[in-house]
Amino acid sequence: MRGKWEKRLIRTLSLSLAVVLTVALLAGCAKNKDADKPSASQASSPSASSASSEPSDAPQELLEYSFYQENDSPPQFADNPNDVLTPIVESKFNVKVSKVLYNQGSTFKERFNMLLATNDLPDVIYAQSNASIVANSGQYAELGDLIKQYMPNLLKYGSIDSWRDSFFNGKLYSIPSLWVDTSLPQFNDIYSMPGANWGLVIREDILDKLGYKYTPLKEIEKKINETQQKPTYDDFKIEPEIKTPEDLYEFLKKVKALNLKVGNKDVIPMSIPWWAQHHLANMFGVSSSWQYHADDNTVSGTPFGDKDGKEYFQFLNKLYNEKLLDPDFAIQKDEQLKEKQASGQVAVALVLMDAPSANAAVDKIAPGKMFHHITMPKKEGLVRNGIDAFNPAAFQYFVKKDFKDIPRLLKYFDWFYSDEAMDLIIWGPESLGLWEMKDNKKVFKDEALHQALLENKDGSIADEQYYKKGLGRKGLPKQYSKAFSAAPGLIGYNPFDWPRSYPYKVADIFEMSSSYVTTSALERDGKLLAGVDDLTNGPGNWLWSDFYNNKSAKLYAVKPDKFDKNWEDLKTEFMKKTKYAEAQVEMEKVFKERGLMK
């Protein structure tokens, strides 16, 4: 939810969609054999981008399509006079985006229904959280068999069977911008980091005070840069591990006993944002999404539906009453939490609101030290699903069923998964003059541009010379090429990415550690789903609108002797208002439809 943009993508199904955005979001989507992957020599070949500017051999009539992006503001790519890629693609295929639509002050549902009523629906729609509205409208084509027939490049990177979250009533209506799970063995190179999710972070100076063994992140960073070797999870472990909620409880008590101060303020053992109640609940296998439990073949969701929900809030109640959890966590604003972290007042967190400033605070207290990630503790013996779903096909492109030439459009979309297209979006055409060949690799002619891309600051020369030309990884916020933005493509992976042309250097060891330590919190087997309609979304909506930011205080902030009554009262209210029992039956059907529930 909160945090860096990359994480939001992966966590995008976490809350009502959820995610974060996210990022964050995802199994079996990579190629099955190393032989199918573009090689390093292919990635550095100059032929790919130079061929991009060549028109197709056989002239075809102009094919235009209107495009709708699920977005509240005008997409940045809609009218970019500096876009050098779109003219190349249009010339090559004689395919053009005619107009770009967005929400325009309405919700997606309102705007979609208005366009439906006026018989003016766009030819192609990109949707994520509102994909079910499009799929269930009856206006967009079923694409499963057509994808198998016309999109071989796409299918090199992911089997349709792994896209189960994108099926509606057993049918596939969309082409994905495929999110590649770079934790899979076939992406085992230093440039391919696994997707990050949620875990806890602990100050390394406090680990020192309490006698824990670990390798400081800055030492890991130095080793990676020197050896050019990909790290493993074990590189980031602490000993003894904090494996269970009880371990965490004992650790927080030790932190409190240190009586640490920042000025005249006590160091808080643990502080989290109010919305992190949902993430911490994973310690007890609790989710605000629907989840399938393979151990007993059941479907449940929310603290009141999951079997250990009550135990989780009893645990939170214990932390709160013993002053191990920030007493202000539910009422503080994100900015206030950010200030606490940046002042060194927080020992354990779930997310750093501003990681650089928080880590700088630790470094000031204990030079060379920073916050250290650990995986989310787990109740002993618990079989749990992940915190967020990793759906490789979450970013969906729908094609109107009466579009005049769907096969040609799908062939066109398939090109964006080709080596040629992925090289072009990273390096641009040779005529742009950004790159040259060195040691059989493309590198930037201007080292200042390379440095600007590394630093990734707004307003740098990278904006003018690179991003506004339409170049850049698919899925980043700076997307300025109409052709590439209005078509699917790989998310989270590009075998031609420019960092691969240079010796590896850790850009952010804190973010890297998050990737390796927390990636196991992503649910890759399709066992975690958001609702599919108003009924099945009802329980999750109530949690976020009524419970977590308001009523949950009746559980964690009360004296233990009042807990049981409050739990039963809230559970009764929840079950009645959300029609949980009916929604649960409907979600059982969904899980059965997707081949999970027996």
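Guide: F304 lies in the loop between β14 (298-301) and α13 (309-321). The model is a predicted one, and in it F304 has a relative accessible area of 3%. Because the limit for a buried residue is under 20%, F304 counts as buried although its place is in a loop. Setting aside neighbours within four places in sequence, the residues in contact with F304 are W542, F547, W567, L570, K571, F574 and M575. Q336 is 32 residues away from F304 in sequence, and the C-alpha atoms of the two are 30 Å apart.

I387 is located in the loop between β16 and β17 (388-389), and its relative accessible area is 3%, which makes I387 buried. Beyond the neighbours within four places in sequence, I387 is in contact with N197, W198, H278, H279, N282, M376, A521 and L528. Between the C-alpha atoms of I387 and D463 there are 35 Å, for a separation of 76 residues along the chain.

Loops also hold exposed residues. K323 is in the loop between α13 and α14. Its relative accessibility is 59%, so K323 counts as exposed. The backbone of K323 has a positive phi of about 60°, although K323 is not a glycine. N259 belongs to the loop between α11 and β10 (261-262) and is likewise exposed, with a relative accessible area of 61%. Phi of N259 is positive, near 55°, and N259 is a residue other than glycine. As background, most residues other than glycine have a negative phi, and most peptide bonds are trans. The peptide bond that joins E239 and P240 is cis, with omega about -5°. P240 is placed in the loop between β9 (238-239) and α11 (245-257).

A positive phi is also found in a hairpin. Strands β19 (residues 435-438) and β20 (residues 441-444) pair in the antiparallel sense, over four bridges. Within this pairing, E436 stands opposite V443 in β20. Two residues lie between the strands of the hairpin, and D439 takes a positive phi near 55°.

S271 is in β12, which covers residues 268-271. With a relative accessibility of 0%, S271 counts as buried. The side chain of S271 has a polar contact of 2.7 Å with the side chain of D326. Apart from residues up to four places away in sequence, S271 touches D326, Q332, L337, V346, V348, A349 and L350.

A helix shows how burial can be arranged around an axis. In α15 (residues 355-365) the buried residues are A355, A358, N359, A361 and V362. These residues cover an arc of only 150° around the axis, and therefore they are on the same side of α15. The face turned away from that buried side carries the exposed residues P356 and K364. Among the elements that cover the buried residues of α15 are β7 (200-203), α9 (204-209), α14 (334-342), β16 (371-374) and α21 (509-518).

These parts belong to a protein chain with 25 helices and 22 strands. Its radius of gyration is 25 Å, close to the 25 Å that the globule rule gives for 598 residues, so the chain is as compact as a globular protein of that length. Taken along the principal axes, the C-alpha atoms fill a box of roughly 80 × 55 × 40 Å. Of the 598 residues, 56% are buried, and F304 is one of the buried residues. The chain exposes about 24900 Å², of which carbon and sulfur atoms supply 48%.

Terms used:
Residues numbered from 1 in each chain as written. Predicted model: local features only at pLDDT ≥ 70, side-chain atom pairs only at ≥ 80, totals over all residues. Heavy atoms only, no water. Buried < 20%, exposed > 50% of the residue type's maximum accessible area, 1.4 Å probe, protein only. Polar contact = N/O pair within 3.5 Å; in protein donor to acceptor, adjacent residues only side chain to side chain. Contact = heavy atoms within 4.5 Å. Arc of directions from axis to C-beta. Rg over C-alpha atoms; globule rule 2.2 N^0.38 Å. Areas by Shrake-Rupley, 256 points an atom, 1.4 Å probe, with all protein chains shown as cover. Pairing = 2+ DSSP bridges.
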